[in-house]
Amino acid sequence: MNFKLIANISLLLLLARWKQTMVAAIGVTFSITMFITLLGFMNGLNDLLDGLILNRTPHIRLFNEIQASKLQPIDKSLTYKDHHNFVSSVKPKNERLEIYNNGAILNALKKDKRVLGIAPKITAQVFYNVGAIDLTGVINGIDVEAENSLFKFSDYVTTGHYIDLKNIPNSIILGKGAANKMLANIGDVIQVTTPKGERMQLKVVGFFQSGLQDIDNVQSYSSINTTQKLLGETNSYVTDLQIKLKDILLAPQIAKEYEKIFEVEAIDIQTANSQFETGSSVRSLISYVVGITLLIVAGFGIYNILNMMIYEKMDSIAILKATGFSGKDVNVIFITIALSIGVFGGILGLLFGFGVSELIDQIPFNTAALPTIKTYPVNYNPRFYIIGGIFALVTTYFAGYFPARKASKVDPVIIIRGK
Amino acid sequence: MNGNILEAINITKYFHDPLTVQVLKDVNFSVQKGEFISVIGKSGCGKSTLLYILSTMDTDFEGELLIDGVSMQNKKEAELAKVRNEKIGFVFQFHYLLNEFSVLKNVMLPGLKFGLLSEKEVEHNAYEKLKILGVENESLKKPNQLSGGQKQRVAIARALINNPLIIMGDEPTGNLDKKNSEIVFNIFKELAEVYNQSLLIVTHDNEFAKRTHRIIEMEDGQIIKL
């Protein structure tokens with residue numbers, strides 16, 4: 001088949017009705033633009049919202065929990081074996097929240113190839129003493145550097161510098177809400193009390209803002225050593241091990257494994273935050289549906305225009321067939337026309353989509369809850385562009401396929417005789 | 001090269017819609033190289049139908065059709081298209097030129113489809129054909145800028161581009177005035193006598209037919225005079 005000739009004929013037929021062609025191409029362009037913009041914007045927002053939680057949540061958290069005994073004495077009695085027992089005489093005892101033998105666990109985890117990093121943490125219940133009253137609070141004792149590299153700690157420290165936490169002894173970074181209540185400024189010294197009655201003075205070196213008001217009102221950060229001192233514990237005392245994996249999807253399975261090996265509680269991110277995943281996948285689904293609907297509508301537009309073109313060009317098709325062009329040639333001509341519209345409109349659509357995304361990316365978006373975000377978030381995942389491009393071609397191909405088949409079946413005799 | 005370039009053997013054709021009617025009954029004849037034949041007959045006698053069968057565009061018939069000694073039975077649509085492209089040139093009552101293309105390009109199209117020669121050579125040939133027909137000065141115009149007579153001459157040039165075995169015409173002068181009909185007839189005559197081109201022209205212009213080499217007269221789907 002002579003492709004150059006076929007392409008030439010297609011081009012001339014296209015240009016003969018260039019206004020219609022433009023309308024068809026604009027339809028494709030518009031839908032691809034919207035598809036890309038929608039998905040980019042939607043996913044940008046998704047990433048932002050997920051990041052709020054997911055960036056700061058370990059993939060697996062190892063900890064000890066105070067739990068009631070699973071077996072009460074009466075359960076062991078043979079006499080009352082088949083009875084409904086509600087007497088629970090054994091209460092939870094004062095277990096330590098510490099992870100036993102955490103040095104060995106840490107070493108074992110470091111050797112695990114699936115683990116990206118580990119950040120140990122101590123959670124301590126405290127009271128912030130403000131004048132005559134006490135505010136309840138939580139101090140997270142963290143390994144400052146590990147916390148920053150794994151959980152982007154510095155992003156949320158809005159005032160002050162996060163590394164001061166490590167460099168200045170007995171320092172604290174207060175949650176913005178808590179700091180406001182305490183009227184604390186950087187450089188001030190505040191006093192905290194532990195539930196056991198120990199008191200300690202800490203120097204404020206910064207404020208952090210997570211975007212979740214409830215957290216900012218309560219939580220503060222301190223270095224792991226300071227917290228150990230505050231609680232009066234040895235320097236092997238750690239209550240949580242936060243693990244980040246290379247592949248987040250493996251979290252549930254690895255969590256179960258660790259639970260068994262290390263005899264601690266282990267919770268994976270999927271279990272802890274299942275609602276976020278559901279939310280973001282539904283949002284993506286909606287944007288895909290809207291985008292694809294737009295494309296299909298554009299496809300019908302192309303179908304209509306090609307159909308009309310075929311009725312208009314009946315004579316031309318007939319004479320092409322009479323002078324030796326086969327049905328297949330005619331088919332290829334119309335498919336080429338449809339695909340040219342698709343390629344042309346699609347490429348423009350991808351470019352415009354990128355442009356509009358860029359534009360949205362420049363629109364200021366300031367919210368107190370999200371200190372690091374200055375403009376609307378946009379996701380530039382190449383996957384959307386690839387899907388958009390492929391879908392543009394597929395829709396226009398099918399939009400061209402049926403008219404082209406009709407054209408290839410045109411019987412030259414009927415038209416020529418009809419005149 | 002002597003012999004039959006086109007041979008029709010017992011061609012019979014029915015129309016089935018709305019009633020089954022026999023339009024051609026056992027048509028037998030052959031065309032020799034260089035013959036200028038006209039087919040005449042009253043309206044509805046089946047002469048156009050016969051032409052479409054002979055041109056391979058209508059394949060729904062009984063009997064046998066040999067073009068250049070090769071049977072056209074059981075050929076696929078694409079193969080028939082190739083036969084039409086390479087061996088048959090068409091001139092219809094209406095010119096059927098593509099308005100999107102220049103005159104020259106219109107003439108070149110079947111040649112380009114044939115693909116035997118390079119584009120440059122096809123262009124040269126097309127120009128030569130236009131010259132034979134005296135419309136070479138219009139070669140860069142669009143068909144809708146030409147007069148009726150000129151368009152028909154361009155259509156003849158297009159029919160000639162692949163040096164076909166035979167040119168088939170369906171009332172090629174039907175839409176033309178006396179003067180242009182005369183021009184077209186003279187062109188056909190010249191093609192037959194100077195270039196030894198075979199022609200098979202359906203017409204109901206008896207004046208036209210009388211001056212051809214051979215007249216085939218049809219009535220009620222049969223040839224009554226060869």
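The legends below describe close-up views of a predicted model.

View 1. Chain B has 226 residues, of which 47% count as buried, and its secondary structure comes to seven helices and ten strands. Among the contacts of chain B between residues at least 6 apart in sequence, 70% join residues at least 24 apart.

**View 2. The side of chain B that touches chain A.** Here 24 residues of chain B are in contact with 21 residues of chain A. The elements of chain B that give two or more residues to this side are α1 (47-54), α2 (77-87) and α3 (103-114), and α2(B) gives the most, with six residues. Sorted by class, this side of chain B has 13 nonpolar, four polar and seven charged residues.

**View 3. The open six-stranded sheet of chain B.** The strands follow the order β6-β7-β8-β3-β9-β10, and their pairing is mixed. Because β6 (88-91) and β10 (222-225) of chain B stand at the edges, each with a single partner strand, one side of each is left without a neighbour in the sheet. From one strand to the next, the twist averages 25 degrees. Within this sheet, β7 (residues 166-170) and β8 (residues 198-202) of chain B pair in the parallel sense over five bridges, and B:Gly169 stands opposite B:Ile201 in β8(B). Helix α5 (residues 148-160) of chain B packs on the sheet, where it touches β6 and β7 of chain B, and its direction makes about 170 degrees with that of β6(B).

**View 4. The largest nonpolar core and the surroundings of B:Val107.** This core has 113 residues, and those with the most contacts inside it are A:Ile302, A:Leu306, A:Phe334, B:Val107, B:Ile166 and B:Leu199. Helix α2 (residues 18-54) of chain A gives the most to the core, with ten residues. Leaving aside residues up to four places away in sequence, B:Val107 touches B:Ala126, B:Lys129, B:Leu130, B:Val154, B:Ala157, B:Arg158 and B:Ile161. Another core, of 47 residues, lies apart from the largest one and has A:Ile99, A:Ile105, A:Val204 and A:Ala251 among its residues.

**View 5. B:Leu104 in helix α3 of chain B.** B:Leu104 counts as buried because it has 20 C-beta neighbours inside 10 Å. Not counting residues up to four places away in sequence, B:Leu104 touches B:Glu123, B:Ala126, B:Tyr127, B:Ser139 and B:Leu140. One of these, B:Tyr127, is 23 residues from B:Leu104 in sequence, while in space the two are 7.0 Å apart, C-alpha to C-alpha.

Technical notes
Residues are numbered from 1 along each chain as its sequence is written. Chains are lettered from A and ligands numbered from 1 in the order in which they are written. This is a predicted model: local features need pLDDT of at least 70, side-chain atom pairs count only at pLDDT 80 or more; totals for chains, interfaces and linings use all residues. Two residues are in contact if their C-beta atoms, placed from the backbone, lie within 7 Å. Helices (H or I, at least four residues) and strands (E, at least two) are DSSP runs, numbered from the N terminus. Ala, Val, Leu, Ile, Met, Phe, Trp, Tyr, Cys and Pro count as nonpolar, Asp, Glu, Lys and Arg as charged, and the others, Gly among them, as polar. A nonpolar core is a set of buried Ala, Val, Leu, Ile, Met, Phe, Trp, Tyr and Cys residues joined through C-beta atoms within 7 Å. A residue is buried if 20 or more other C-beta atoms lie within 10 Å of its own, exposed if 12 or fewer, and partly exposed in between; C-beta atoms are placed from the backbone. Two strands pair if DSSP finds at least two bridges between them. Axes are lines fitted to C-alpha atoms, for helices over the stretch in contact, and angles run from 0 to 180 degrees between N-to-C directions.
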